[in-house]
Amino acid sequence: MTQAVHHPGRIALLGNPNCGKTALFNLLTGSRQKVANYAGVTVERKEGTLRTPAGRSVKVLDLPGAYSLNALSNDEAVTRDVITGHSSEALPDLLVCVVDATNLRLHLRMVLEARRLGIPLVVALNKMDRAEKLGITIDVKSLAQHLGIPVVPTVSIGTRGARALEDHLDRPVPARGSSTWAAQGIEEVRQTQQEVLRIFRATVKEPAVDADPSERIDRIMMHPFWGLLVLGIILFVTFVSVFSIGGWLTGYVEGAFAWLGGLVEGAMEDGLLRGLVVEGIIGGAGGVFVFLPQILILFFFILALEDSGYLPRAAFLLDKPMSRAGLSGRSFIPLLSSFACAIPGIMATRTITNWRDRLTTIMIAPLMACSARIPVYTLIIAALFPGQPLLATLLMIGLYALGIVSAMSVAWVMKRSRATHERSSLLMELPSYQWPDPRSLIIGLWERAMIFLRRVGTIILALTIIMWALYTIPSPRTHAQGTPIERSLAGEIGHALQYVFAPIGFNEHISIALVPGMAAREVVVSSLGMVYAMEGDEDEVGSQLQARIATEWSLGTKLSLLLWIVFAPQCLSTFVTVKRETNSWKYMWIMGGYLFALAYLASLVTYQLTNFLTAA
Amino acid sequence: MADRGTVPLRLHQLPDQCWATVSDVMVPPNGADRDLVLRLVELGFVPGERVRIVAEGFHGREPMAVRVGHTTFALRRHEASFILVEPHP
């Protein structure tokens, strides 16, 4: 290795959680980002490219947020391994230590720890605009002298706040020295903290009265009564928006796919291929695309609440009730995400440091009513209570509540069955409130949309095509009578499934539709539509299907199917995600098994009881 | 433990909204709790630092939100119990 001075080609951003590191990363790299996982672990690896003012291209790695290199979580362990050279990642040429200018007292310790790594270092004094607003003055020159490394002020909101940092990247950096870093004991950490305090007092002047409104806001937001009330209102507004705005946008998506289907139908000659394209591909993709608005609206609220600093407060408020069920407040954010989709919810459990808590949260995440259940619920509820919006709404809320109550019960049982009663920890920062950064919000929504669309493009599309084929290919056994569907391969499968599903009230039509629904519950409605052999656009299928369900299914069947959808493990992607996140086939099968058992039992009891009561 | 003069409280015993100064942090011999205390020290719970309980759960003071320096942390009572504080008069 040469000892010559050179320009940095790879840099890494290091910093505490909540230092604005990701917003800075988004500002530096914009849309030129790649999100993947670090080798062998389920920690998100974000890399991007930036162009310096001199026109050089620099690779930027956004390391997972870490309070310390004495790692307590997987995220922190990855950060430590990458910058101490204990991973397959190449060491960066320059480490950018991002610190929050409004909270140097906490963040400077990481700078002092990073100094020992031997990697050239620059401090990005982030949120400088906010520090000024709060009346905090920082002697940047003196800070750089005390630390012995360059310090550049940055503002991650807006468009030009990273200019000083970008300029710095055009300057040559010295070659890496040797690392003197080693995990610190408590005595050494105390000494470091004294050094932090000395530098802090010498370089930072604060107003006598803290101008940060967070504490005043928290008197209401974290009040045991008013806080819960505010949380209730926030969640109410979120879900009402998902249903109202989301439902309104969904209509447009349906319209667009119906139009596209009609267009292709007119352009192609009648035949097998046209059926595949119009009913299979366009119909199938459209049936799934309709969830996108609802998922994105829910994620818009979750990301905005997270960025504003509110979500950890919600977790705080719910910690005690959730600890009764053996969880901690940290499970709140993953479970909230699971209402959009269990997959990002399960991925969000990575922030839970305690493995048992994390496993419990993963196991119950599929019980949160994800957006894919909405159309099935809507269809059956509308058939149950036509023209009675109040009853329909109440039943919908009841189904959501049933999922939550069941999840808490399962968590409680899991806690009871633990051999050891270790204490779970909470220790969580409640960051200062801030306005959400629009750029990070858009990039966050874009990432989630892509996760969803990849699913549509792969699993769901493949399923739809296979199902279409099963409906179309006639069974080798010859039946003299029956509809084309009954004579198809799918009909045979549905017939065979009657042995399993007849006791819980599912007729052949439902049984057939549930086969693709096992892999992705989104397709249950469109499969039912196909099974009932109807043509026309999605809207029409919806209303005709509803009328037929209302007249042809018994009350017991309708209720039984609703409960089945609440519990049944109907999502292949969730299985795959559980396997990946727990790194265990065992937990995947346990999850699938217990959900299937719950679903079957709930549907069986409901169906048999309803039949008994209606007969009496 | 170097207790001078007044008997310090443990942080989880500190009354709501009352300012106090950290006097010491107890270091347990046990592995998981030792990691926890190390983290508390890294987060700024060091002797001389001012702390205050800014919020607590409505039942049994669990969890508690503790202001230290410019940061607020949510802690369980067990986690707070390692920090010794002297309340301000």
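**Entry 1: the sheet**

I traced an open sheet of 7 strands, in the order β10(A)-β5(B)-β4(B)-β3(B)-β2(B)-β6(B)-β1(B), with antiparallel pairing. At its edges I found β10 of chain A and β1 (9-10) of chain B, each of which pairs on one side only. I note here that the model is predicted.

**Entry 2: the strand pair across the chains**

I looked up how β10 of chain A, residues 428-430, is joined to β5(B): there are 3 bridges, and the two strands run antiparallel. I then asked which residue in β5(B) is the bridge partner of A:E429. The partner is B:F73.

**Entry 3: a pair within chain B**

I checked β2(B) against β3(B) and found antiparallel pairing over 3 bridges.

**Entry 4: extent of the interface**

I listed the contacts between the chains: 40 residues of chain A are in contact with 37 residues of chain B. The two chains bury about 3500 Å² between them, and 59% of that is on carbon and sulfur atoms. On the chain B side, I asked which residues lose the most area to chain A. They are B:R39, B:H70 and B:R76, which together make up 21% of what that side buries.

**Entry 5: polar and charged pairs**

I counted 6 salt bridges across the interface of chain B and chain A. I looked up B:R76 again, and its side chain meets that of A:D319 in a salt bridge at 2.7 Å, N to O.

**Entry 6: where the chain B side comes from**

I sorted the chain B residues that touch chain A by element. The elements giving two or more residues are β2 (19-25), α1 (31-42), β3 (50-56), β4 (64-68), β5 (71-75) and α2 (77-80) of chain B. The largest share, 9 residues, comes from α1(B). Sorted by class, this side of chain B has 18 nonpolar, 7 polar and 12 charged residues.

Technical notes
Residues numbered from 1 in each chain as written. Chains lettered and ligands numbered in written order. Predicted model: local features only at pLDDT ≥ 70, side-chain atom pairs only at ≥ 80, totals over all residues. Heavy atoms only, no water. Contact = heavy atoms within 4.5 Å. Buried area = accessible area lost by both parts, 1.4 Å probe. Salt bridge = Lys/Arg side-chain N within 4 Å of Asp/Glu carboxyl O. Helix = DSSP H or I, 4+ residues; strand = E, 2+ residues; numbered from the N terminus. Nonpolar A, V, L, I, M, F, W, Y, C, P; charged D, E, K, R; others polar. Pairing = 2+ DSSP bridges.
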